[in-house]
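Work through the exercises below with the sequence and the model open. Try each task before reading its solution.

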Amino acid sequence: MTQPANSSGVKRIGVLTGGGDCPGLNAVIRAVTKDAIFHGIEVLGIEDGFLGLIEDRIRPLHLDNVSNILTDGGTILGSSNKANPQKFAVGKNDDGSVRWRDMTDVCMTHLEVHGIEALVVIGGDGTMSAAKPFADRGIKCIGVPKTIDNDLYGTDITFGFSTAVSVATEALDRVHSTAASHHRVMVVEVMGRNAGWIALHAGVASGSDVILLPEIPFDLDTVCNFCVQRSQRGKRFTIICCSEGAKPKGGEQIIERVDPTSPDPIRLGGIGKWLSNQIEDKTEIESRYVVLGHVQRGGTPCAGDRVLATQFGHHAMELLKQGKYNRLAVMQGTQLGDVEITAAADKQRLVPLDHPLIAAARSVYTCFGD
Ligand code: F6P
């Protein structure tokens with residue numbers, strides 16, 4: 001087989017996975033590594049995202065390393081959602097505040113020592129922002145968009161999202177039967193940060209009776225009345241698919257923890273419990289809650305995510321070989337494309353209030369609590 005041209009002249013690339021993990025990362029690593037090796041480009045794997053670049057934990061990736069990983073969850077390289085080289089926590093000051101250091105020069109030295117000319121960074125907005133200083137210093141950067149949240153600006157879809165939706169949908173399907181056995185309201189809290197994509201899709205797919213999104217603050221009385229009316233109509237259950245970022249009208253999101261060493265310190269969580277308790281108190285209908293949490297991020301990617309991740313990995317290498325640097329591979333509609341690598345920085349792609357799926361859900365009497 002003849003090898004298509006690598007007009008970039010790049011001989012050695014580094015690949016890393018940054019931010020929270022998601023299903024499909026290994027599929028991208030596999031696609032990038034195989035494509036690169038096919039074109040005579042050496043690949044070095046950087047461990048634990050930018051942390052491995054700071055600490056010089058960098059190792060060669062060969063075909064053997066990426067064989068048989070397509071279906072594996074997680075990332076063979078490891079990931080970190082704290083290590084931003086520009087603002088890296090190195091300890092604490094006397095007053096207890098976090099001491100930050102700019103590690104960009106340290107990372108540049110490691111890139112030079114290993115002869116890495118280009119970086120394929122697989123991550124979300126934080127990872128793309130963290131890549132910018134390297135792009136500015138002449139490292140050829142290509143981004144691949146990942147996150148179960150599907151909230152990355154510039155792309156219509158990120159890999160990992162479909163798997164998370166499938167996991168959440170199965171969980172919602174499962175609570176139906178137990179809820180019906182006991183005449184209960186079941187609140188299932190799903191991830192997604194400030195975006196309701198997972199809740200919207202899993203809620204529609206499971207036929208949830210109520211879907212609560214961060215984008216649509218809900219009225220507690222409306223949700224309670226909806227549960228009561230269902231009960232009065234003889235319905236034995238009400239299933240509520242609740243985004244972790246959902247909040248009552250006039251209220252705030254519930255923060256589960258704050259990690260001051262993380263560039264994105266807020267972790268949401270707790271609305272499912274709060275809502276379940278409120279419903280039971282106000283309606284006297286027995287209510288339970290389930291927090292799906294990291295179950296949505298673990299395990300094997302679904303078929304769609306394996307395909308998407310492979311397409312993204314290949315497309316990232318195409319961009320590199322064509323000399324299109326500092327770009328983020330994206331999917332717009334059904335077309336692969338690319339945008340400026342920092343196009344997604346400090347932005348979130350939220351669910352638009354006029355999204356057709358919201359209208360479709362409303363048409364089957366789904367309550368959004370508004
Ligand atoms: O961004 C992905 C995500 O899973 C969010 O849905 C969730 O809010 C957050 O990460 C959880 O972060 P951590 O893994 O740090 O708990």
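A pocket is an open set of grid points with protein on both sides within 12 Å along at least five of seven lines. The model used here is predicted.

**Exercise 1. Describe the second largest pocket: what is its volume, and which residues and helices line it?**

Step 1. Begin with the volume, which is about 190 Å³ for the second largest pocket.

Step 2. List the lining. The second largest pocket is lined by 13 residues, and those closest to its centre are Asp 209, Phe 226, Val 364, Tyr 365 and Thr 366.

Step 3. Sort the lining by class. Five of the residues are nonpolar, five are polar and three are charged.

Step 4. Assign the lining to helices. Helix H7 (197-206) and H8 each supply at least two residues. The most comes from H8, which gives three residues.

**Exercise 2. Describe how helix H8 packs against helix H9: at what angle, and with which residues?**

Step 1. Recall what is needed. Two packed helices are described by the angle between their axes and by the distance between the axes.

Step 2. H8 covers residues 220-232 and H9 covers residues 271-283; they pack at an angle of about 60°, and their axes are 10 Å apart.

Step 3. The crossing of H8 past H9 is right-handed.

Step 4. Name the contact residues. H8 contributes Leu 220, Asp 221, Val 223, Cys 224, Cys 227 and Val 228, while H9 contributes Trp 274, Leu 275, Gln 278, Ile 279, Lys 282 and Thr 283.

Step 5. Sort them by class. This contact has eight nonpolar, two polar and two charged residues.

**Exercise 3. Take Trp 274 in helix H9. Is Trp 274 buried or exposed, or partly exposed, and what does Trp 274 touch?**

Step 1. Use the cut-offs: buried means under 20% relative accessible area, and exposed means over 50%. Trp 274 has 28%, so Trp 274 is partly exposed.

Step 2. Leave aside the neighbours within four places in sequence. Trp 274 is then in contact with Phe 218, Leu 220, Pro 248 and Ile 254.

**Exercise 4. Describe how H7 packs against H11: which hand does the crossing have, and which residues meet?**

Step 1. Give the angle and the distance. H7 and helix H11 (residues 356-363) pack at about 35°, with 11 Å between their axes.

Step 2. H7 passes H11 in a left-handed crossing.

Step 3. Name the residues. Leu 200, His 201 and Val 204 of H7 meet Leu 357, Ile 358 and Ala 361 of H11.

Step 4. Sort them by class. Five are nonpolar, one is polar and none is charged.

**Exercise 5. Examine Asn 150 and Asn 326: where does each lie, and what is the phi of each?**

Step 1. Recall the background. Most residues other than glycine have a negative phi.

Step 2. Take Asn 150. Asn 150 is not a glycine, yet its phi is positive, about 60°. Asn 150 lies in the loop between strand S7 (140-145) and helix H6 (161-181). Its relative accessible area is 3%, so Asn 150 is buried.

Step 3. Take Asn 326. Its phi is also positive, near 55°. Asn 326 is found in the loop between helix H10 (303-321) and strand S14 (327-332). At 22% relative accessibility, Asn 326 counts as partly exposed.

Note on methods:
Residues are numbered from 1 along each chain as its sequence is written. This is a predicted model: local features need pLDDT of at least 70, side-chain atom pairs count only at pLDDT 80 or more; totals for chains, interfaces and linings use all residues. Side-chain values use heavy atoms; hydrogens and water are left out. Axes are lines fitted to C-alpha atoms, for helices over the stretch in contact, and angles run from 0 to 180 degrees between N-to-C directions. Helices (H or I, at least four residues) and strands (E, at least two) are DSSP runs, numbered from the N terminus. A crossing is left-handed if the near helix is turned anticlockwise from the far one by less than a right angle, and right-handed if clockwise. Contact means heavy atoms within 4.5 Å. Ala, Val, Leu, Ile, Met, Phe, Trp, Tyr, Cys and Pro count as nonpolar, Asp, Glu, Lys and Arg as charged, and the others, Gly among them, as polar. On a 1 Å grid over the protein atoms alone, a cavity is a set of points where a 1.4 Å probe fits but cannot get out, and a pocket is an open set with protein on both sides within 12 Å along at least five of seven lines; lining residues have an atom within 4 Å of a point. Grid points are joined across faces, edges and corners, and a volume is the space filled by probe spheres set on the points. Buried means under 20% relative accessible area, exposed over 50%, partly exposed in between (1.4 Å probe, protein chains only).
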